[in-house]
Amino acid sequence: ARRYAALGLRPVTAGYLQPFTARSAMLAHSGGPAELPTRNVVAVLPGREPALRGQVIVVGAHLDHLGRSTSGALDPDARDAIRNGADDNASGSAAVLELARLLSANPTRRSVLFVNFSGEELGLLGPQYFVEPSPVALHSMVAMLNFDMVGRLSGDSLIVYGVATARELPALLDSANAAVNLHVRGLGDGFGPSDHSSFFARNIPVLHFFTNTHADYHRATDDAPLTNPAGAARVVALAERVIRAIDQRDARLTFVRSSTPPAVAG
């Protein structure tokens, strides 16, 4: 919240924090508390054109990880070792903050809503809470870009989910990538085990940027020295170009509904 304030972004309601109670049967079954107080962090960069300012591009990532909990951990033998989640999802959180910096320096025509979700690891609780009593009208959201595990770029290979959720997205993504030159594998699915799924379920086009899983996923070894900051910067560069390309369109993206069922968060 302090970083958003320093960049001149505004709170959406009374403040930057959206508190809620995370209720997780998964956590309770593993011996943890059934309810946990937590919060999403939300900030808005107002658009520079009054006629389009009421439309919103959402940029988000989850900020929670496992910590000392073994619930969801793939290294139970490590017991209460701290699982920092440098890739999952400090990398995505950093990407969102960097996009806030870049876009605040040169605002888009439409408004951009930055959201750092909590409770993702407990079952996509943060995004579900955000969209249900959403502080911003859902019909104003033209797209949602999600960053979950973007810190391990290898061989220039990036996966982007959700390219089939709007008719224009495949060509738009290809064009945006021309200057970044990543090997992008576009996958159509808008449902997936991350924060964007809650938005796609409400008819909002989505893209999920992902540098793929690895042997340290959900383990205490997912730490900063193994990340690729230069690679993450290239993902951010691509994402900024995508955001600006969506914004340069006078018309909204054409949403395409999928019959694929929602995935369960892991």
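A residue is called buried when its relative accessible area is under 20%, exposed when that area is over 50%, and partly exposed in between. The structure discussed here is a predicted model.

**Aromatic pairs**

By the cut-off on burial, Phe199 is buried, because its relative accessible area is 0%. Phe130 likewise counts as buried, at 0% relative accessibility. The model holds 9 aromatic pairs. In one of them, Phe130 and Phe199 lie 6.0 Å apart from centre to centre, with 35° between the planes, and the pair is tilted. Phe130 belongs to helix α4 (residues 125-131) and Phe199 to helix α6 (residues 196-200), so this pair ties together parts that are 69 residues apart in sequence. Ring pairs also join Phe117 to these residues, giving a cluster of Phe117, Phe130 and Phe199.

Tyr161 and Phe210 form another tilted pair, since their ring centres are 6.2 Å apart and their planes meet at 40°. This pair links distant parts of the chain: Tyr161 is in strand β6 (residues 157-161) and Phe210 in strand β8 (residues 206-210), 49 residues apart. With a relative accessibility of 23%, Tyr161 counts as partly exposed, whereas Phe210 is buried, with a relative accessible area of 11%.

The two pairs are set out below.

| Pair | Centre to centre | Angle between planes | Class |
|---|---|---|---|
| Phe130 and Phe199 | 6.0 Å | 35° | tilted |
| Tyr161 and Phe210 | 6.2 Å | 40° | tilted |

**Nonpolar cores**

In soluble globular proteins, nonpolar side chains tend to be buried together. Which residues touch the most other members of the largest nonpolar core? They are Phe114, Leu145, Phe147 and Phe209, in a core of 43 residues. Helix α7 (residues 229-248) supplies the largest share of this core, with 7 residues. A separate core has 17 residues, including Val44, Val56, Val136 and Phe199.

Beyond its neighbours within four places in sequence, Phe114 is in contact with a series of residues, among them Tyr4, Leu9, Val41, Val59, Val96 and Leu103.

**Two loop positions**

Where does Ser194 lie? Ser194 is placed in the loop between β7 (183-187) and α6. Its relative accessible area is 1%, so Ser194 is buried. The side chain of Ser194 makes a polar contact of 2.8 Å with the side chain of Asn146. Leaving out residues up to four places away in sequence, Ser194 touches Glu120, Leu124, Asn146, Asp148 and His208.

Val163 is located in the loop between β6 and α5 (169-177). Val163 is buried as well, because its relative accessible area is 10%. Not counting residues up to four places away in sequence, Val163 touches Leu169, Pro170, Leu173, Gly186, Leu187, Gly188 and Leu207. Val163 and His208 are 45 residues apart in sequence, and their C-alpha atoms are 8.8 Å apart in space.

**Confidence**

The mean pLDDT of the protein is 91, and 93% of its residues reach 70 or more. Over residues 261-266, however, the pLDDT is below 50; this stretch has 14 contacts in the model beyond near neighbours in sequence. Where pLDDT is low, the predicted coordinates should not be read in detail.

Note on methods
Residues numbered from 1 in each chain as written. Predicted model: local features only at pLDDT ≥ 70, side-chain atom pairs only at ≥ 80, totals over all residues. Heavy atoms only, no water. Core = buried A, V, L, I, M, F, W, Y, C linked by side-chain atoms within 4.5 Å. Buried < 20%, exposed > 50% of the residue type's maximum accessible area, 1.4 Å probe, protein only. Helix = DSSP H or I, 4+ residues; strand = E, 2+ residues; numbered from the N terminus. Contact = heavy atoms within 4.5 Å. Phe/Tyr/Trp six-rings, centres within 6.5 Å; stacked < 30°, edge-to-face > 60°. Polar contact = N/O pair within 3.5 Å; in protein donor to acceptor, adjacent residues only side chain to side chain. pLDDT = per-residue confidence, 0-100.
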